[in-house]
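Thanks for asking me to look this one over.

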Amino acid sequence: MLRKLFFPLLVVTFVLSAISHYLHWGAELEFAFAGIAILFAAGLLGKATESVAHYAGQRLGGFLNATFGNAAELIIAIFLIKEGLYDIVKASLTGAIIGNLLLVLGASALVGGLKFKEQKFNIHSAGQNASLMLLAVIALFIPAIFVKTEHISEHDTMTISIVVAAFLILAYIGWLIYSMITHKDLLEDHVDTKADHGEAAPWSKGLSVLLLVVATVMVAFISEWLVHTLDTFSSRFGLSELFVGAFVVAIVGNAAEHSAAIVLAMKNKMGAAVEIAVGSSLQIALFVAPVLVFISLLFGGEMNLIFTTIEIAAIGVAVLIATSISRDGSTTWFEGMLLLFVYLILGVSFYFV
Amino acid sequence: MLRKLFFPLLVVTFVLSAISHYLHWGAELEFAFAGIAILFAAGLLGKATESVAHYAGQRLGGFLNATFGNAAELIIAIFLIKEGLYDIVKASLTGAIIGNLLLVLGASALVGGLKFKEQKFNIHSAGQNASLMLLAVIALFIPAIFVKTEHISEHDTMTISIVVAAFLILAYIGWLIYSMITHKDLLEDHVDTKADHGEAAPWSKGLSVLLLVVATVMVAFISEWLVHTLDTFSSRFGLSELFVGAFVVAIVGNAAEHSAAIVLAMKNKMGAAVEIAVGSSLQIALFVAPVLVFISLLFGGEMNLIFTTIEIAAIGVAVLIATSISRDGSTTWFEGMLLLFVYLILGVSFYFV
Amino acid sequence: MLRKLFFPLLVVTFVLSAISHYLHWGAELEFAFAGIAILFAAGLLGKATESVAHYAGQRLGGFLNATFGNAAELIIAIFLIKEGLYDIVKASLTGAIIGNLLLVLGASALVGGLKFKEQKFNIHSAGQNASLMLLAVIALFIPAIFVKTEHISEHDTMTISIVVAAFLILAYIGWLIYSMITHKDLLEDHVDTKADHGEAAPWSKGLSVLLLVVATVMVAFISEWLVHTLDTFSSRFGLSELFVGAFVVAIVGNAAEHSAAIVLAMKNKMGAAVEIAVGSSLQIALFVAPVLVFISLLFGGEMNLIFTTIEIAAIGVAVLIATSISRDGSTTWFEGMLLLFVYLILGVSFYFV
């Protein structure tokens with residue numbers, strides 16, 4: 001039913017969003033339409049990426065999936081950078097990471113755990129992911145604590161950011177080589193479930209590529225419209241830009257992952273759900289965030305990698321509790337509840353900043 | 001021998017404490033008598049709770065045990081709140097948590113480990129407890145770091161505290177449901193040892209309830225007398241109120257758990273000893289602390305959940321090392337020694353504040 | 001080949017270092033010669049210690065090995081303390097700990113992992129080491145956070161440092177008793193590999209003792225020469241003393257361990273390589289650092305144990321990622337790469353302070 005209505009709804013919401021933007025219907029309506037439209041466009045982008053990946057063969061496909069899985073977030077962030085809204089970019093990256101580790105993983109574990117007593121997944125993969133997430137936290141924490149406690153010039157801060165960004169991208173490339181080539185078999189469940197949530201491609205090769213291009217363009221347009229409403233929207237509702245970036249934008253931009261992971265958990269494919277949640281966080285921390293540092297240079301700006309204390313604290317506790325819970329290779333409804341509570345505590349705290 | 005003398009000693013110390021209080025014998029004597037009297041009264045309270053729990057049936061009994069296990073601490077804290085001594089309340093909560101995780105667990109592992117080479121316990125339960133303790137640390141850390149680094153009004157700070165307190169109580173209820181109903185079998189050792197340290201009830205049903213009431217009233221009275229001496233006592237001995245709250249009050253209030261856990265460890269029932277130490281910490285962090293926030297409102301005050309930096313640091317390191325040591329489901333004398341060293345390092349540091 | 005040239009090179013570099021020092025050839029040359037000479041002298045000191053340990057019997061030998069394994073670092077640090085360069089001492093201790101946990105362990109895991117798919121080692125020993133490293137981090141972190149956030153006089157700070165130093169040395173002695181006497185069998189791999197990298201002693205008993213004395217004297221002389229160049233050297237090259245202490249001195253002083261661990265990893269003896277890297281860090285944190293506090297008192301000075309925020313952060317993240325990676329008792333090339341990246345990120349950050 002929803003499948004049948006997907007394309008009509010995509011077109012209608014896109015058109016409504018466009019009209020409300022160009023006719024200046026006001027921040028509330030523009031924000032609402034853009035927010036709904038980007039849900040559908042991001043969904044199409046995800047499906048089209050998977051479909052193209054399917055035709056590209058397992059290895060290249062895995063790479064495409066892993067690299068463009070967060071294309072929607074990347075595009076939204078680029079438009080924020082173009083406007084010089086670096087703080088909102090970092091807030092939305094923070095929000096995407098904690099949203100995946102706490103909201104997506106927590107909701108999946110809770111909903112799946114209400115149906116199945118204990119849901120198991122590859123323990124080796126969980127340990128690996130924990131170390132990678134730790135690297136990401138360290139790479140954000142170290143420059144921040146140096147800049148906050150020592151006298152480091154703005155120029156040197158940017159240099160440190162660029163070097164750290166380069167190391168993160170190298171670590172990400174290393175991870176792709178490790179998990180897709182040299183140690184693929186050790187992380188079996190990982191690969192298996194990857195195939196699972198990819199399923200068969202619904203479209204022909206040519207159509208897939210066409211839809212990928214169309215979806216990218218749509219996301220790009222809606223992102224620009226959405227970004228323009230943020231300022232008015234947040235002041236109208238008394239919300240800080242930080243809260244809008246970290247919670248509203250992040251939830252909207254990740255809605256596709258959210259629903260996919262929960263559906264998988266309900267089918268007792270918790271390994272695939274963990275893969276989406278943790279894999280998505282890793283992509284954002286190790287690939288999207290550092291790439292944005294370089295993109296900011298292309299736009300003549302200088303977005304460094306220095307996150308605020310509360311952003312690092314939020315990412316740090318999310319990684320801590322998510323790895324503590326997933327390290328044993330199984331989840332229960334109770335662990336899902338704990339993750340959701342941490343997300344809510346963070347949400348309430350950010351709300352009052 | 002000591003069992004035979006228990007009731008006479010309870011009465012004598014209670015009477016001495018009462019007389020010294022009403023005749024104003026001076027802070028030193030009043031503190032000493034109240035401190036000794038509360039050891040016996042808290043011991044009776046613990047025994048009576050267990051006995052009532054025994055008659056209430058396994059499920060309700062477990063709930064009673066879990067909820068009123070720290071009744072003595074709760075009553076002491078209520079009298080501190082009545083006097084508006086919020087900082088001492090938080091110090092004593094901090095002291096109770098680190099005292100259980102480091103002193104009780106450490107002494108049990110050391111003493112037990114000197115007799116038995118390696119003492120094993122349910123690894124599943126240990127992992128679960130670790131995640132719960134982590135939630136508690138996060139719930140204290142997040143509001144504190146937000147309040148300390150951002151501009152958050154006192155009113156919003158209290159709102160955040162109330163919300164976080166509510167989530168902690170919900171997590172505690174979830175934990176009871178999880179460990180006593182839905183996943184009871186997974187945590188077998190847990191339940192087993194619970195029964196172990198409960199043993200058979202020594203008193204009839206009616207006597208148990210009567211003793212529970214008597215013990216509660218005695219603890220309540222002695223607590224009030226004790227609280228009144230703290231101010232004079234700490235200034236007389238050049239101790240900060242922080243140190244008195246975190247170490248003196250906490251050790252006195254937890255003496256019953258201390259001795260019970262060590263006795264169990266010496267009988268090679270390390271699972272039960274861990275259960276007491278970690279379970280007690282969890283009760284304080286997830287139940288006593290948040291309940292006190294609501295109780296402060298009843299008294300017309302506003303005790304928020306913002307602990308000081310050094311209190312959070314102390315709780316954080318205690319949780320880190322206790323979970324690192326217990327995560328593998330076994331302890332040795334050396335690990336007990338490490339826990340005690342961390343406790344002593346904290347004690348020395350708090351002493352000089 | 002290199003073995004044959006070892007003694008001639010040792011003598012030549014020692015003599016060159018001596019001449020450059022007494023004839024004042026300038027900081028660059030003096031630093032370079034002293035740096036190369038100390039590599040050889042430290043190498044001889046290590047070999048001679050192992051050889052003496054061999055003749056002393058397993059138990060006393062293990063103790064000697066464990067206690068004098070970082071004799072070179074200790075001697076360098078003593079000369080720094082004599083000059084009152086406490087900050088460089090702490091920086092070099094920091095550098096030695098992170099160098100062992102990140103550079104030595106990382107390079108070993110990477111190089112070994114390129115040859116062998118997965119390298120396994122004793123999981124029990126890894127867990128034990130993790131708890132000990134955690135104690136070391138806590139022992140540095142707690143006094144620092146108390147001193148930084150509360151009003152603690154310099155006198156009390158020194159008292160706290162002395163007490164903490166005493167506990168660390170007691171923990172170290174406890175560890176020796178635990179790993180060499182009471183729980184030796186549990187940590188088999190540990191003992192096994194210890195023997196492995198000790199191999200047979202190349203020299204007679206008398207010669208071993210003589211060489212130990214000669215090596216100690218050489219290291220002592222070169223250390224003094226080296227320390228005198230640091231000031232000029234660092235200002236000439238625009239490096240902070242912190243960077244020179246934490247990276248240059250630490251790498252030079254640990255070169256022997258570095259090469260030994262990598263060679264062992266290439267022979268698939270990862271357990272022994274981990275033992276060197278982690279064991280060496282533990283020695284520095286639990287033995288060398290606290291002993292230096294007492295040595296500073298002998299010289300009429302007062303070196304406390306309060307490390308800077310960034311030093312504690314560096315040690316903390318190094319311990320976190322090293323224990324996260326080694327906790328499962330196996331390493332791969334990718335994990336080695338992650339450790340090296342964290343080391344490089346720290347290096348870049350320290351460079352810009």
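1. A word on confidence to begin with: pLDDT is the predictor's confidence in each residue, from 0 to 100. This is a predicted model, in which local features need pLDDT of at least 70 and side-chain atom pairs count only at pLDDT 80 or more, while totals for chains, interfaces and linings use all residues. Residues are numbered from 1 along each chain as its sequence is written, and chains are lettered from A and ligands numbered from 1 in the order in which they are written.

2. Chain A has a mean pLDDT of 86, with 93% of its residues at 70 or more. Over residues 190–198 of chain A, pLDDT stays under 50, and the model has 20 contacts beyond four places in sequence for them; two residues are in contact if their C-beta atoms, placed from the backbone, lie within 7 Å. For the complex, the predictor gives an ipTM of 0.86 and a pTM of 0.88.

3. Within chain A, helix α2 (residues 27–55) and helix α9 (residues 205–236) pack at about 155°, their axes 7 Å apart. Axes here are lines fitted to C-alpha atoms, for helices over the stretch in contact, and angles run from 0 to 180 degrees between N-to-C directions. That angle makes α2(A) roughly antiparallel to α9(A) (angles under 35 degrees count as roughly parallel, over 145 as roughly antiparallel, 65 to 115 as roughly perpendicular and the rest as oblique). Their contact has 22 nonpolar, eight polar and four charged residues; Ala, Val, Leu, Ile, Met, Phe, Trp, Tyr, Cys and Pro count as nonpolar, Asp, Glu, Lys and Arg as charged, and the others, Gly among them, as polar.

4. Now to chains A and C, where 25 residues of chain A contact 23 residues of chain C. On the chain A side, α6 (123–149) and α7 (154–182) each supply at least two residues, and α6(A) gives the largest share, 13 residues. By class, that side has 18 nonpolar, five polar and two charged residues.

5. Which way does α6(A) run against helix α13 (residues 309–326) of chain C? Their axes come within 10 Å and cross at roughly 175°, which makes α6(A) roughly antiparallel to α13(C). Among the residues making this contact are A:Leu134, A:Phe141 and A:Phe146 of α6(A), and C:Val317 and C:Leu320 of α13(C). The contact divides into 14 nonpolar, four polar and no charged residues.

6. Chain B also touches chain C, with 23 residues of chain B in contact with 25 of chain C. The largest share of the chain B side, eleven residues, comes from α14(B). This side has 17 nonpolar, four polar and two charged residues.

7. Finally, α14(B) packs with helix α6 (residues 123–149) of chain C at about 5°, with the axes 10 Å apart; the two helices are therefore roughly parallel to each other. B:Glu335 and B:Phe341 of α14(B) are among the residues in this contact, as are C:Pro143 and C:Phe146 of α6(C). By class, the contact has eleven nonpolar, two polar and one charged residue.

How values were computed: Helix = DSSP H or I, 4+ residues; strand = E, 2+ residues; numbered from the N terminus.
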